[in-house]
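Me: I want to understand the labels used for this protein. Take me through them one at a time.

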Amino acid sequence: MNQPSVISGAGVGLRVPHIQTILQENPDIPWFEVLVDNWLVDGGLNVHLMDAITERYPVVLHGVGLSLGSVDPLDLTYIKKVNDFKARTGAKWYSEHCSFSSAQGLFAADLFPLPYTQDVVCYLSERIKIVQDILGEQMLLENISAYVACPDNTLTEAEFLAAVVAESGCGLLLDINNVLVSCFNLGESVDDYFKQIPSHAVQQIHLAGHEDKGDYLLDSHGQRVGETVWRLFDAFIAQNGPVPTLIEWDTKLPAWQVLASEQKQAQTRLDALCFTDNIKKRSEFG
């Protein structure tokens, strides 16, 4: 099975209101992430705009509509549409969530956590293998934000993800904001999460904002990345090396310049790590 192509640096989630500005200004952004569910249409202005973007920038695909962990049969038509769009755009990889959002054909506009048990590890892994067989390559699995936990859990989320990676061969998209939100809401340890996650499998990182509601954190993706998330990001890349990192902003979209400033901060932190590593290597071999 093919592995994802190399991509690096800090990217930005592509949203339609920003496309004209991006095409006019040609900002120095190394790559964009495309929310694939918004683009599975034939023809029209949006497809023309996407073609213009992919002529200038590499992209990766991110999905919310697969309902990967559902008990419903996988929608093979949907997966094939994703694969066709991937081929059209030359996207480097496709990611989805470790969750479900449908049951008996009914869909909810949310991502629900799975029971973290060995049986579900096997079930989810088999469905991931089907997706990967259609794509002809590895997909990435993203951790979600949680507000409740299944009482039948026998594994932590990080242990569950590690087991799915080992069983299915998928990679991981680590959303650091989601880690913080889930751990805070469920009274768990972020440090333990980072120790249990298979860091070697993390091939992309998401950074986003959340709202502090006092007794819980809301994963709203509608504001700047919080300082705690930045600190966790710094700690993770310092321990594991630079990983392609995305600024994700889904609601209350700001002006393009605000997103660009967040991207610059992420890029600066990645560059600082690379600079430090180079200095260390020179001292070791000098």
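Reply: Start with a definition. Buried means under 20% relative accessible area, exposed means over 50%, and partly exposed lies in between. The model is predicted.

Me: Which residues of helix 4 are buried?
Reply: In helix 4, the buried residues are V120, V121, L124, S125, R127, I128, V131, Q132 and L135. Their cover includes helix 3 (76–89), strand 4 (94–97), strand 7 (140–142) and helix 5 (157–168).

Me: How do you know that the span of helix 4 agrees with its number of residues?
Reply: Helix 4 (residues 118–135) has 18 residues, and at 1.5 Å a residue they should span 26 Å. The end C-alpha atoms of helix 4 are 26 Å apart, so the two values agree. G136 follows helix 4, with a positive phi near 75 degrees.

Me: Why is N177 called buried?
Reply: The relative accessible area of N177 is 0%. The cut-off for buried is under 20%. Therefore N177 is buried. N177 lies in helix 6. Leaving aside neighbours within four places in sequence, N177 is in contact with H206, A208, G209, H210, D219, H221 and V229.

Me: Why is V258 called partly exposed?
Reply: V258 has a relative accessible area of 22%. V258 sits in helix 9 (residues 256–285). Not counting residues up to four places away in sequence, V258 touches R224 and W249. Q223 is 35 residues from V258 along the chain, and their C-alpha atoms are separated by 9.8 Å.

Me: What makes the contact between helix 6 and helix 8?
Reply: The axes of helix 6 (residues 176–186) and helix 8 (residues 227–240) come within 9 Å and cross at roughly 115 degrees. The crossing is right-handed. Helix 6 contributes I176, N177 and L180. Helix 8 contributes T228, V229, L232, F233 and F236. By class, this contact has six nonpolar, two polar and no charged residues.

Me: Which residues have the most contacts inside the largest nonpolar core?
Reply: They are Y94, L141, I176, L207 and F236, in a core of 75 residues. Not counting residues up to four places away in sequence, L207 touches I176, V225, V229, W230, F233, T245, L246, I247, E248 and A266.

Key
Residues numbered from 1 in each chain as written. Predicted model: local features only at pLDDT ≥ 70, side-chain atom pairs only at ≥ 80, totals over all residues. Heavy atoms only, no water. Axes fitted to C-alpha atoms, helices over the stretch in contact; angles between N-to-C directions. Helix = DSSP H or I, 4+ residues; strand = E, 2+ residues; numbered from the N terminus. Left-handed = near helix turned anticlockwise from the far one by under 90°. Contact = heavy atoms within 4.5 Å. Nonpolar A, V, L, I, M, F, W, Y, C, P; charged D, E, K, R; others polar. Expected span 1.5 Å × (residues − 1). Buried < 20%, exposed > 50% of the residue type's maximum accessible area, 1.4 Å probe, protein only. Core = buried A, V, L, I, M, F, W, Y, C linked by side-chain atoms within 4.5 Å.
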